[in-house]
Every structure is written in C-alpha cells, then in structure tokens.
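Here are my notes for you, as promised. Keep the model open while you read, and go through the points in order.

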Protein chains: 2
Amino acid sequence: MSRPKNDVFLRALLGEPTPYTPVWIMRQAGRYLPEYNQTRARAGSFLDLCKSPDFATEVTLQPLARFPLDAAILFSDILTIPDAMGLGLYFAEGEGPRFERPLRDERDIGKLSAPDPTTQLRYVLDAVTQIRKALAGAVPLLGFSGSPFTLACYMIEGRGGGDFLETRKMLYERPELMHHILEINARAVTDYLNAQIEAGVQAVMIFDSWGGVLAGEAFHEFSLRYIERVCAQLRREREGQKIPRIVFTKGGGLWLESLAQCGADALGLDWTVDIGTARARVGDRVALQGNLDPAVLLATPEVIRREAARILAGYGYGNGHVFNLGHGISQFTPPENVAALVDAVHSDSPQFH
Amino acid sequence: MSRPKNDVFLRALLGEPTPYTPVWIMRQAGRYLPEYNQTRARAGSFLDLCKSPDFATEVTLQPLARFPLDAAILFSDILTIPDAMGLGLYFAEGEGPRFERPLRDERDIGKLSAPDPTTQLRYVLDAVTQIRKALAGAVPLLGFSGSPFTLACYMIEGRGGGDFLETRKMLYERPELMHHILEINARAVTDYLNAQIEAGVQAVMIFDSWGGVLAGEAFHEFSLRYIERVCAQLRREREGQKIPRIVFTKGGGLWLESLAQCGADALGLDWTVDIGTARARVGDRVALQGNLDPAVLLATPEVIRREAARILAGYGYGNGHVFNLGHGISQFTPPENVAALVDAVHSDSPQFH
C-alpha cells in the first residue's frame, strides 16, 4: 500500500517539507452541498447515511469532486461508539443527536463495555475499505473518533450542546464513576481507531469537542489524560507508512502546551486562537491545523482571500501547517465560497514553503 | 454618602487589604431560590420583574437575607439597552430573550441611537435608588451592563445562544456597519452606567458574555476596543468614593493580558481559567473575580468546601481576589449549597490575608 498521489496533507501533519499548505474542511461532506442533501434524502435519515457504506462513500467523495481538497475524511458520526454500546442513538429533527438510554445511574455505568469494532462497527470499517477503493490513491483518507470525555458528555447527558452540567457535576461528586466511564471509552476509542487504521485510514483525528467546558485541572484529569492513553496505544504505522494523529480540543487554547505533549502529531485549533501565537507556544513539537473562523465563509470571496492570507501569514514561513476552519463548516455556506478558499490557500501558500 | 458598613468587596476590587476574601454569586437573585420564583410569579413575567422597581428591589435583597454575601447586584437584564432602543425585547418561555425587531439591514442600523437612560431607563435608576435605601448601607450595590459587542450580538441575531454567525459574518463583510452599531452601543453603555453610578451603584460590571466567540484579532477590534472606550468615559468617583469597574469576558482566558489594560480595576474569570496562572499573567495590574465551576454547587457541601479551598489557594496569599462562580449559578442549585460556599470562603480565606 503506497502513499497517495497527493500526500501533502500527511507530510504537513508530520512536519515534513511540502510545496504548499494543504487544506481540508471540517464537515466538508455536509449540508451546505446540495448533492449531500439529495443523497441524504435518498438514504432516509442521517443515521441511515452513516450506516450504509455505499452512501457514506458517496458523500465522502462529493466535496472532492467539487474542490481540489488535500484530504478526504471518512463520513461518519462521533457517536457511533456509544451507539454500539447500546445507548440507542437517534437524531431529533433539527435538534441534533440524542440517546434513548443515557447513563443515569451507577448500575448503567457498571454494565458499560467497549464494543468490538470488527463486528459492532463493521459498517464503518466497510465504508473505509470502500472509500479507499473509490479514492484510488488520489488523496489520503482521514479517520476519526470522539475523545473519551466528549463521548462521555453525550452518554451522560443523552444529548449534545448546552453546558453538560450533569457531566461536570459527576466529575466533582463521583470522580470514580467518571473515571470508570472514561477508561471504557478510552479502550473503545483505541480499538475503534486501530480498526479504522487496519481498514485503511491514513491519518486519524480525535475530536475533543467538549473538553473546553472543563475547568483547567479537570480538563487535564478527565479529558487530556485519556487522550494520551489512546495515543499511546494507537498503531504508529501501517505497511511502513506512519499514521499521523490530530487532536482537536475545541476551546482548548489555554492548554496548548500540555496538548502538545499528548502524543499527537498535530493539534487542531479553533478560530479563537491566534495561530502565530499558538505556533510560538508549541514550537516544533506538533504541527497545527486550522483555523479560519467558519463565519468568514459566509462573506464574499474577497474577504475569504484576505482572511485566508492572514492565517497563512500568521502561521508564517515553514512546514507543519494544515489549513482548515476552526470549527465545522456552516450549512449556510455558499459552495462557491469553499472553492474560493481552497484556491486562495493553494495559490497564496507556496511563498511560505 | 459614606462607604457601606461592609466594604470588603469594594476594597478587594481596588486591591486594598481586606481581612478575608469577599464573595458574591453571579445571578444570586435567581431561579434556584424559591422566594424568587414566588415573586416572579406575582410579578407576571421576567420583564415585569425587571421593570418594576418594587419587585426588582425585593428580589435583589432575597439572597442577602439568606446568605452573608459581601455585595448586592442590581436585579435587571443586560438587554434593557436594546429594549430602550426600540428593538422590542420579549422572553420566549424556556428559550431566553428575543427581539421583535432585530437589526436586519443597513436602514435599521442607520436609525439606531443611544437611549437617554434618565428617561428611557428610568425604571432601572429608580430600582437603584430604592435598593440602596433598602440596603441601608449594609453591603455595596453593584450595577452592570452588557458590553457593546455582546449587546450587538443580540441586536443582530434577535436572540442569544448559538454561535452568532450573522454577527461574525457582518464583522468580516461589513466591518463599517458593525463599528457603527458598536459606537452607538458604547455611548449607550457609558451613559447607562454613569446614570447608574449617579443613582447610587458603588461598583459597575461589564458583562462581555459573547466576546469569547470571536477570533483573537476580531475580539480586540470589535469587543475590547469598545470596552476600553466605555471605561475611559465612566465616572471614576462619586462623592469622594472611587467606583471600581469589573470586566468579564466569558471565554476570554486567552486575552487576559490585554483585558488587564482596558481600564478595569478587576477582571472576571470564567471557570476554564486557572486562577493562579491568571494572577501570574496579569500581575497586580487588576484584581480578579471568580471562578468556581458552577457545576460544583450541584455536588455536596464537602465537595464545595474542597473546590472553594482550591480556588482560594490557587489565587494565593494577598489582596485583590473577589470570590465568585465562573458563570451564573444554575437554577438547579440547592440553596443550602450556596450557604456552604459562602461559609467556606469566609472561614477558609482569612489565612490568605
């Protein structure tokens, strides 16, 4: 299994020289694309889309057909693990994910176990295989998982968003219960990402979407510690190719120094962080991925070019930058604005390499 | 008009020596108190409560009757200014504030003007007078306003919460329109806070609840610059007493160094920030207020004592700390847990003074 034809993304994650700055976009296969909405309508629901390798392959490839992006990301959901744990994932229309059976008491928590991805998450691995085949080596495929803590937030609350008060209450009042959940989640995330690597993903990303709701000390004890544990047990290579890891804690700008030591090759940055300052703080310990404010993509191509140039110049000369948004793309983004962004990054970035 | 009998809060804000660490709680007059809910039911709606000086006085005093807090905070809403501008504030049950007439286009924005607080926000000033009288000098009264940017978020979106994408889009695409709104808001906030000072508040706080949704550069240009402008034009003293100013940017932990130079005497810290690190970063330029995770108050008194002690020790020896939560108190907080917190701060803090 050789490197993809365009391996700029993988090299940038590892801090190796590249001729320009690679770019992909969080949630690039999403509702801002009319063809995505059509496929989703054919599939039935969002979950049907995720659970069908055919549909998942189709939507994974859609943004690549439109834009010369430097990476594909597996189309899936971060909540496949708790779903496989039996919590009953469903999507309330317009309100995001919910669980039918959230963790409500000690007995539920005691019964929790890490799913076997090769059987219980087979549909994801099948999608990986099928997407790799369809990509035919054009660009690398990025796999992903939610972080142990972020999964716990959804599992305890039964839903996303809000301030996760129940979760925060539990970690103060019953830290041993929280650690029990997180140990199981760390095992599950490790097995899941290793199975994705085995199936063919060429890099992995851990989305710690809710680590930023924690007090600093709690973040280190209940989120970062378990991300470290996952990183320490991930396969480092497959068939002679190193598998880079990206860790993205939304709202984690205060903790970049410790994040840079968690075992990741690259850190995702949300848009609140100044990327130049971030680079100075982490040095060459990790590459950085980000971090355009997704709201910029709602403005004009002229504004997009200006702001993209600002991020590129902010990172400055040298390797180790993967361009991305600082959060998932808004469903209200005009697709032509994404074209303008990808073009701006590709045409403006060679001067920094 | 002499200092209140208990002026520990005012002295701590100014970095002066105090025998213990003062404590008050954001949203201390709120739904976690049964007596508050009773008054609110009698008043009719939340807005009726805010607009009646009698009711506002009643609920302002309720937490002080239960707990030996070191400050009272004017009961009001941060959206009184845009309401007085004619945007039509109302509260959708269980969904928070809404405006009937949000700023939708350039013409609406062109018509905007700063209200005259002495007429259009008379009810707030009357409440201040009445609360001061009822307090009889027991503890100081804190006035407040939303920041110019935070008010703009609500005015543009017509509602709170979410990610304020319209607002962020406008500042990238039409920065001159955004600056126009912010200039008017800065004038309005200045006039409003000066009128509150004139009416008798003994300290003021600017709530920049949404500055943290901005990219760093945008935060400085669109939020901090206007907070500075307000601070520069606030009355510094009244009847020989200095009026301390507190600035609280939720999610502003990355920018404490520049916040410390905005003209505030004290910075509010949300719970994600480590207070010891924050103190090291700002030096003795400003006092700090905060920053217990509000979720701690959902746990047991034992946990509350432990976590309060951790914040006190984190700030360490010396003056310039006002204890508070890192965000408003949850409506699900048992009132007896607030008693435990206030007692913990008062009994554990003298060793640091």
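1. Ground rules. This is a predicted model, in which local features need pLDDT of at least 70, side-chain atom pairs count only at pLDDT 80 or more, and totals for chains, interfaces and linings use all residues. Residues are numbered from 1 along each chain as its sequence is written, while chains are lettered from A and ligands numbered from 1 in the order in which they are written.

2. The sheet in chain A. Start with the open sheet of 7 strands, whose order is 1-4-5-8-9-10-11 and whose pairing is parallel. At the edges sit strand 1 (72-73) and strand 11 (321-325) of chain A, each pairing on one side only. Strands here are DSSP runs of E with at least two residues, helices are runs of H or I with at least four residues, and both are numbered from the N terminus. Two strands count as paired if DSSP finds at least two bridges between them.

3. Strand 1 of chain A pairs with strand 4 of chain A in the parallel sense, over 2 bridges. Ala72(A) has Leu141(A) in strand 4 as its bridge partner. Strand 4 (residues 141-146) of chain A then pairs with strand 5 of chain A, again parallel, over 5 bridges. There, Gly146(A) stands opposite Phe207(A).

4. Strand 5 of chain A, on its other pairing. What does strand 5 of chain A pair with over 5 bridges, besides strand 4? The partner is strand 8 (residues 245-249) of chain A, and the sense is parallel. Val204(A) faces Arg245(A) across this pairing.

5. Is strand 5 of chain A mostly covered or mostly open? It is mostly covered: 6 of its 6 residues (203-208) are buried. "Buried" means 20 or more other C-beta atoms within 10 Å of the residue's own; 12 or fewer makes a residue exposed, anything in between partly exposed, and the C-beta atoms are placed from the backbone. In a regular strand the side chains alternate between the two faces of the sheet. Ala203(A), Met205(A) and Phe207(A) lie on one side and Val204(A), Ile206(A) and Asp208(A) on the other, all buried, which leaves both faces covered.

6. Helices on the sheet. Helix 12 (residues 216-233) of chain A lies across strand 5 and strand 8, running at about 165 degrees to strand 5. Helix 15 (residues 301-315) of chain A also packs on the sheet, touching strand 10 (287-292) and strand 11, and makes about 155 degrees with the direction of strand 10. These angles run from 0 to 180 degrees between N-to-C directions, with axes fitted to C-alpha atoms, for helices over the stretch in contact.

7. The core. The largest nonpolar core has 250 residues, and among those touching the most other members are Leu74(A), Leu142(A), Leu267(A) and Leu267(B). Such a core is a set of buried Ala, Val, Leu, Ile, Met, Phe, Trp, Tyr and Cys residues joined through C-beta atoms within 7 Å. Leaving aside neighbours within four places in sequence, the contacts of Leu267(A) include Val247(A), Leu256(A), Val282(A) and Leu288(A). A contact means C-beta atoms, placed from the backbone, within 7 Å.

8. Arg279(A) is in helix 14 (residues 275-282) of chain A. Arg279(A) is buried, with 21 other C-beta atoms within 10 Å. Beyond four places in sequence, Arg279(A) is in contact with Leu288(A), Tyr315(A) and Gly316(A).

9. Two copies. Chain B can be laid on chain A with an RMSD of 0.0 Å by a turn of 180 degrees and a shift of 0.0 Å along the axis. The two copies are thus related as by a two-fold rotation axis. The superposition is by least squares on C-alpha atoms of residues with pLDDT of at least 70 in both copies. Within chain B, Leu254(B) comes closest to the axis, its C-alpha at 3.1 Å.

10. Where they meet. In the interface, 24 residues of chain B are in contact with 24 residues of chain A. Helix 10 (165-173) and helix 15 (301-315) of chain B each give two or more residues to that side of chain B, and helix 10 gives the most, with 5 residues. Because 100% of the interface residues of chain B are also interface residues in chain A, the copies meet through the same surface.

Technical notes
Two residues are in contact if their C-beta atoms, placed from the backbone, lie within 7 Å.
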